[in-house]
Amino acid sequence: MLLIIWETSYRIFQWGWKFPSVLQTADAFYDGFVNGQLLEGTLSSLRRLLTAYAIAVVIGTTLGFLFSRYRFLDETLGMLVVSLQTVPSIVWLPFAIIWFGLNDTSVIFITGIGATWTMALSSRTGFINIPPLLLRAARTLGTGTGYRLFYQVLVPASMPHLMNGMRVSWAFAWRALVSGELIARGTGLGQFLQDYRSLGDTSSMLCIVIIIAVLGTLSDHLCFKRFENRLLARYGLTK
Amino acid sequence: MIDLSGVSKGFMQKDGRKFGAIENVTFSIRKGEFLSLLGPSGCGKSTLLNLIAGLEQADSGEISMQGKKINGPAPDRTVVFQEHALFPWMTVIDNVAFGLKQKGIPKKTRSEIAMEKLQMVHLTRFAARYPHELSVGMRQRVAIARALSMDPEILLMDEPFAALDEQTRLILHKQLEEITVITGTTLLFITHNIREAIFLSDRILVMSTRPGRIKREFTVPVARPRDYVDPHLHQLEAAIMETLGEELEKVLKEEIGYEFRIKKNAVPDLAVNHLGNEL
């Protein structure tokens with residue numbers, strides 16, 4: 001239905017090359033995957049994303065844990081993180097270029113940085129909201145207060161919050177990635193977008209937007225949402 | 001087996017003043033006995049339990065177990081809390097086996113022991129369920145099984161049945177009685193329910209309130225299995241009620257602010273004022 005409206009309005013309003021028609025887009029899709037580098041670009045974007053994301057989740061969770069544990073850190077560094085979170089991560093790109101040069105590392109850096117703050121704040125909430133009773137019960141059963149308590153009780157107990165944090169920071173990372181790639185070099189979806197713009201190839205540009213949207217939706221629905229629902233059902237948190 | 005001597009513990013209040021929860025408490029728990037601490041809410045009985053569990057530290061005095069000073073929680077003193085405190089992300093059997101896992105017992109032995117303990121509380125059918133799928137009473141039974149799984153020297157129970165409805169509570173009394181007879185474990189039981197204390201215990205310590213002290217000791221000279229309609233139990237109940245009555249009066253006076261009496265066959269104050277009026 002949407003496609004029909006799109007195609008007819010293309011014909012009626014005579015958009016010409018500024019916005020592509022359905023057929024042109026489909027054609028560009030086919031061309032891009034069969035002959036072009038679209039697939040390769042998508043994969044290398046995903047690779048960057050996953051690297052940055054993994055680092056962000058680990059650092060973010062660690063920060064969140066420290067904030068929940070040490071009040072002093074929470075009131076100093078924690079406040080800083082809250083304000084950093086409101087800054088779009090792309091503003092760090094100029095810094096990243098100076099530090100790492102115009103390359104992959106810069107893109108990974110700014111992709112990770114946005115996700116890290118979100119993850120830190122979510123995991124902090126998660127750790128703070130663990131019922132103290134669970135911790136006491138765990139200690140009487142011999143977990144001690146160290147590493148075992150952390151990964152056997154603290155992490156699973158705050159899992160619903162951690163999961164939410166992971167989902168939101170994934171979205172943040174995804175956005176930062178594409179904007180980073182628009183500017184930095186190397187094969188990637190953002191870079192293609194830039195290249196096609198200089199060629200005036202709007203149908204290929206739209207292709208990339210669609211790929212980004214589809215990948216984002218797929219990862220959210222198939223991966224995060226499913227996992228989150230299962231988790232909530234298991235914890236007995238669904239209505 | 002466990003000895004407390006001169007134990008005191010206070011808490012800082014928001015206005016900076018110190019509030020004495022318990023003061024100079026001395027008693028000992030004998031091996032294999034079922035001891036209840038009975039008292040009105042706020043008398044510091046849960047604090048005492050936390051001290052023995054090692055979850056809190058006493059300000060002064062000493063608590064020792066088999067001659068060794070207690071200075072932290074350990075699996076030889078497991079606790080059943082008022083709320084079940086089960087881990088919601090684990091199945092019932094994993095919850096019961098959690099403590100064994102900390103001990104480093106292999107998985108197979110672990111689940112065998114866990115099953116055996118679940119058998120004691122008659123919940124083997126629910127081993128693969130998650131805690132939220134069970135009723136409140138069942139969860140508390142799982143918590144008991146989990147505490148038993150460690151084969152503790154002493155089982156500490158902090159008002160474990162207070163949140164249950166009357167029917168469930170009666171069933172659990174029977175089950176706990178059964179468990180104590182089978183395992184012969186030492187048990188410290190905290191409650192504000194007089195009947196519960198009498199039905200279950202060998203010995204009852206009645207606590208006074210503000211500050212918390214041991215006020216009087218009662219022994220229950222009735223063999224198990226016990227029956228609720230046993231007249232011995234009723235006589236004891238009356239005696240304890242009288243002791244506790246003074247304490248309750250103290251609490252209510254503080255809360256309500258005027259003369260309040262819990263006396264046998266007493267006419268309420270308000271009624272007294274109206275006798276003879278409007279004749």
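Two strands pair if DSSP finds at least two bridges between them. Keep that rule in mind as we walk through this predicted model, and start with a pair of strands in chain B. Strands E6 and E7 of chain B are joined by four bridges and run parallel. One of the links can be picked out by name: Arg77(B) has Ile154(B) in E7(B) as its bridge partner.

E6(B) and E7(B) belong to an open sheet of six strands in chain B, ordered E6-E7-E8-E3-E9-E10, and its pairing is mixed. At the edges stand strand E6 (77–80) and strand E10 (213–219) of chain B, each of which pairs on one side only. If you look along the sheet, the twist from one strand to the next averages 20 degrees.

The next step takes us from E7 to E8. Strand E7 (residues 154–158) of chain B runs parallel to strand E8 (residues 186–191) of chain B, and five bridges join the two. Here Asp158(B) stands opposite Ile190(B) in E8(B).

What covers the faces of E6(B)? In a regular strand the side chains alternate between the two faces of the sheet. In E6(B), Arg77(B) and Val79(B) are on one side, Thr78(B) and Val80(B) are on the other, and all of them are buried, so that both faces of the strand are covered. A helix also belongs in this picture: helix H4 (residues 136–149) of chain B lies across E6 and E7 of chain B and runs at about 180 degrees to E6(B).Chain B has another sheet to explore. Four strands form this open sheet, in the order E2-E1-E4-E5 (chain B), and the pairing is antiparallel. E2 and strand E5 (68–69) of chain B are at the edges with a single partner strand each, so one side of each has no neighbour in the sheet. Inside the sheet, strand E1 (residues 2–12) of chain B is joined to strand E2 (residues 18–29) of chain B by eight bridges, and the two run antiparallel. Lys9(B), for example, has Ile22(B) in E2(B) as its bridge partner. Five residues lie between the strands of this hairpin, and Gly16(B) takes a positive phi near 90 degrees there. E1(B) is also joined by five bridges to strand E4 (residues 60–65) of chain B, again in an antiparallel arrangement. In that pairing, Ser8(B) has Ser60(B) in E4(B) as its bridge partner.

Let us turn to chain A. How many helices and strands are there in chain A? The chain has 11 helices and zero strands. Along its principal axes, the C-alpha trace of chain A spans about 70 × 45 × 30 Å. Of its 239 residues, 36% count as buried. Among the contacts in chain A with a separation of 6 or more, 75% come from residues 24 or more positions apart.

With helices to look at, we need a way to talk about how they meet. Two packed helices are described by the angle between their axes and the distance between the axes. Take helix H3 (residues 38–69) and helix H4 (residues 71–85) of chain A: they pack at an angle of about 140 degrees, with their axes 8 Å apart. That angle makes H3(A) oblique to H4(A), and H3(A) passes H4(A) in a left-handed crossing. On the H3(A) side, Leu63(A), Leu66(A) and Phe67(A) meet Leu73(A), Asp74(A), Gly78(A) and Val81(A) in H4(A). The residues of this contact divide into five nonpolar, one polar and one charged.

Now try H7 and H8 of chain A. These helices pack at an angle of about 155 degrees, with their axes 11 Å apart. Why does H7(A) count as roughly antiparallel to H8(A)? Angles over 145 degrees count as roughly antiparallel, and the packing angle of these two helices therefore puts H7(A) in that class relative to H8(A). H7(A) passes H8(A) in a right-handed crossing. The contact is made by Leu134(A), Leu135(A) and Ala138(A) of H7(A) together with Leu149(A), Val153(A) and Ala157(A) of H8(A). Its residues divide into six nonpolar, no polar and no charged.

The contact takes 15 residues from chain A and 21 residues from chain B. On the side of chain A that touches chain B, the elements giving two or more residues are helix H7 (132–140), helix H8 (147–157) and helix H11 (202–235) of chain A. H7(A) provides the largest share of that side, six residues. By class, the side of chain A that touches chain B has seven nonpolar, four polar and four charged residues.

Methods:
Residues numbered from 1 in each chain as written. Chains lettered and ligands numbered in written order. Predicted model: local features only at pLDDT ≥ 70, side-chain atom pairs only at ≥ 80, totals over all residues. Contact = placed C-beta atoms within 7 Å. Nonpolar A, V, L, I, M, F, W, Y, C, P; charged D, E, K, R; others polar. Axes fitted to C-alpha atoms, helices over the stretch in contact; angles between N-to-C directions. Parallel < 35°, antiparallel > 145°, perpendicular 65-115°, else oblique. Left-handed = near helix turned anticlockwise from the far one by under 90°. Buried ≥ 20, exposed ≤ 12 C-beta atoms within 10 Å, placed from the backbone.
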